[in-house]
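Please read the following report alongside the sequence and the coordinates. It takes up helices, strands and single residues in turn.

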Amino acid sequence: MLKQFRSVKHADVRLGRLTILVGPNGSGKSNVLDALRLVAESLNTSLDQALRNRGGVGEVRRRSQGHPTHFLIDLEFTGTDEIPGVTDDDEVVWGARPFGGRYSFEVAAVAGGGYRVSKESCRVDDAFFEVVGGALKRTSEAVMPPANDQRLYLVSAAGLPAFLPVFEGLAGITVFSPVPDIIRQPQTPDLGDFLVRDGANLASVLQRLERTESGRKTKARIEEYLRVIVPGMQGVRREALGQWETLQFSQEVAGGTAPWRFPAQSVSDGTLRALAVLTGLFASTGSLRGPIGIEEPENALHPAAAAVLMDALREASERRQVIVTSHSADLLDRDDFSPDEILAVRSVAGETVVGALEPGGDLALRERLYTPGELLRRDQLLPVERSGDPQ
Ligand SMILES: Nc1ncnc2c1ncn2[C@@H]1O[C@H](COP(=O)(O)OP(=O)(O)OP(=O)(O)O)[C@@H](O)[C@H]1O
Ligand SMILES: [Mg+2]
């Protein structure tokens, strides 16, 4: 649930294994993903930093006539706590323990551009804490660290095993928005354990996959999808470039005996974006298995390639929750969608309304009368809630 977050006055939606946020430009799709990104960023860096990156709390809380001063992010979740084990050839295998709970926080803007965390609470199975105005009010645990109103308490509470899986799941949320021109530049090598938002460490992530058997399988799967999306493309690998690195693509050329090799600078926008999206979807290591968000994955792709991409989104959603924004009728042109997988987004008088499909659209998809792509072309993917008021 979101309240007074950017253009969202009130939204209460359910995100399944795969969720596609569909709506016109400026309707608030990215704002919904940004709420998830803000949570992850606040936990990985700090709330202060995450708000600064967005221009301060004044940009994040909703602007409206009533001048709301608080925004709220409230997440209910289920997950599996992954317990690592190591096999003989040094590969990490994960055992699973299911858990469920809820985490929410409310941030208030204060005079002079500052902010404070007015409320924060977390419950996971039998463990819980509640912080109000920077003071710990209630907890299930015998000993807890001190709280303050400038930071998210979950960061400190993650020192306790009970709250660690919540922290890891939420801090592991990644929202990708790959930028071809950034992927083309020489990249600074890093650990490559997860892909960054714009794709700036794509070479390191692909290189890391080469190191383990399961990583090589993942890379082969990524290349398999890439070959279908970009005809002639054979594969991709990291290439050292002095103290930097880049990507080298091999492409089959008619009449040629050996494939041609192209550096990232010479490769098309669509190829680079598709590679980054596929890598974001499939390459993850360690405990970073939180939900993945992708901004307009179909961007720069040919309509036929959008169908392949949809297969990839589905396959990835078996392992991790996937949430994407899209305006692509081509991506949605298939009849195996469940209405629960689509969230319609609209802006009504500057306010984002996001929700499940209204009964007509819901029925059309359930009965397979139309594909969501067909409804989108007719502008008939509408949310059930017409105003931002809670139902
Ligand atoms: N703090 C805020 N208060 C109210 N409205 C806001 C706030 N921040 C952003 N917005 C509104 O949200 C809009 C942007 O929404 P968003 O980026 O989510 O659109 P989108 O659906 O992703 O569109 P596109 O398809 O073009 O990417 C802005 O144009 C602005 O009107
Ligand atoms: Mg957007």
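Helix 5, which covers residues 164-171, has 6 of its 8 residues buried, so this helix is largely enclosed by the rest of the structure. The buried positions are Pro165, Val166, Phe167, Gly169, Leu170 and Ala171. As the structure is a predicted model, this and every other feature described here belongs to a prediction.

**Helices**

The length of helix 9, which comprises residues 269-282, can be checked against expectation: at 1.5 Å a residue its 14 residues should span 20 Å, and the C-alpha atoms at its ends are 20 Å apart, which agrees.

Two packed helices are described by the angle between their axes and the distance between those axes. For helix 7 (residues 202-209) and helix 8 (residues 213-229), the packing angle is about 125 degrees and the axes lie 7 Å apart. Because angles from 65 to 115 degrees count as roughly perpendicular and those over 145 as roughly antiparallel, this value makes helix 7 oblique to helix 8. On the side of helix 7 the contact is made by Leu206, Arg208 and Leu209, while helix 8 contributes Gly215, Arg216, Thr218 and Lys219.

**Strands and their pairing**

Strands of a sheet pair through backbone hydrogen bonds, in either a parallel or an antiparallel sense. An open sheet of 3 strands, in the order 10-11-12, is paired in the antiparallel sense. Strand 10 (233-241) and strand 12 (260-263) stand at the edges of this sheet with a single partner strand each, so one side of each has no neighbour in the sheet. From one strand to the next, the twist averages 30 degrees. Within the sheet, strand 10 and strand 11 (residues 244-251) are paired over 8 bridges, and Val236 stands opposite Phe249 of strand 11.

Strand 15 (residues 342-348) takes part in pairings of both senses: strand 3 (residues 18-22) runs parallel to strand 15, whereas strand 16 (residues 351-355) runs antiparallel to strand 15. Ile20 has Ile342 of strand 15 as its bridge partner, and Ala344 stands opposite Gly355 in strand 16. Strand 1 and strand 2 run antiparallel to one another, with Phe5 placed opposite Val8 of strand 2. The table sets out the bridges of these pairings.

| Strands | Bridges | Sense |
|---|---|---|
| strand 10 and strand 11 | 8 bridges | antiparallel |
| strand 3 and strand 15 | 3 bridges | parallel |
| strand 15 and strand 16 | 5 bridges | antiparallel |
| strand 1 and strand 2 | 3 bridges | antiparallel |

**Residues with a positive phi**

Most residues other than glycine have a negative phi. Which residue in the turn between strand 1 and strand 2 has a positive phi? In that hairpin, which has 2 residues between its strands, the residue is Arg6, with a phi of about 50 degrees. Arg6 lies in the loop between strand 1 (2-5) and strand 2 (8-11), and because Arg6 has 21 C-beta neighbours inside 10 Å, it counts as buried.

The hairpin of strand 15 and strand 16 likewise has 2 residues between the strands, and there Ala349 takes a positive phi near 50 degrees. Ala300, which is not a glycine, has a positive phi of about 75 degrees. Ala300 lies in the loop between strand 13 (292-295) and helix 10 (303-317), and with 16 C-beta neighbours inside 10 Å it counts as partly exposed.

**An exposed glycine**

Is Gly85 buried or exposed? Gly85, which is found in strand 4 (residues 70-86), has 10 C-beta neighbours inside 10 Å and therefore counts as exposed. Leaving aside its neighbours within four places in sequence, Gly85 is in contact with Val93 and Gly95. Arg123 stands 38 residues from Gly85 along the chain, and the C-alpha atoms of Gly85 and Arg123 are separated by 27 Å.

Technical notes. Residues are numbered from 1 along each chain as its sequence is written. Chains are lettered from A and ligands numbered from 1 in the order in which they are written. This is a predicted model: local features need pLDDT of at least 70, side-chain atom pairs count only at pLDDT 80 or more; totals for chains, interfaces and linings use all residues. Two strands pair if DSSP finds at least two bridges between them. Helices (H or I, at least four residues) and strands (E, at least two) are DSSP runs, numbered from the N terminus. Axes are lines fitted to C-alpha atoms, for helices over the stretch in contact, and angles run from 0 to 180 degrees between N-to-C directions. The expected span of a helix is 1.5 Å times one less than its number of residues. A residue is buried if 20 or more other C-beta atoms lie within 10 Å of its own, exposed if 12 or fewer, and partly exposed in between; C-beta atoms are placed from the backbone. Angles under 35 degrees count as roughly parallel, over 145 as roughly antiparallel, 65 to 115 as roughly perpendicular and the rest as oblique. Two residues are in contact if their C-beta atoms, placed from the backbone, lie within 7 Å.
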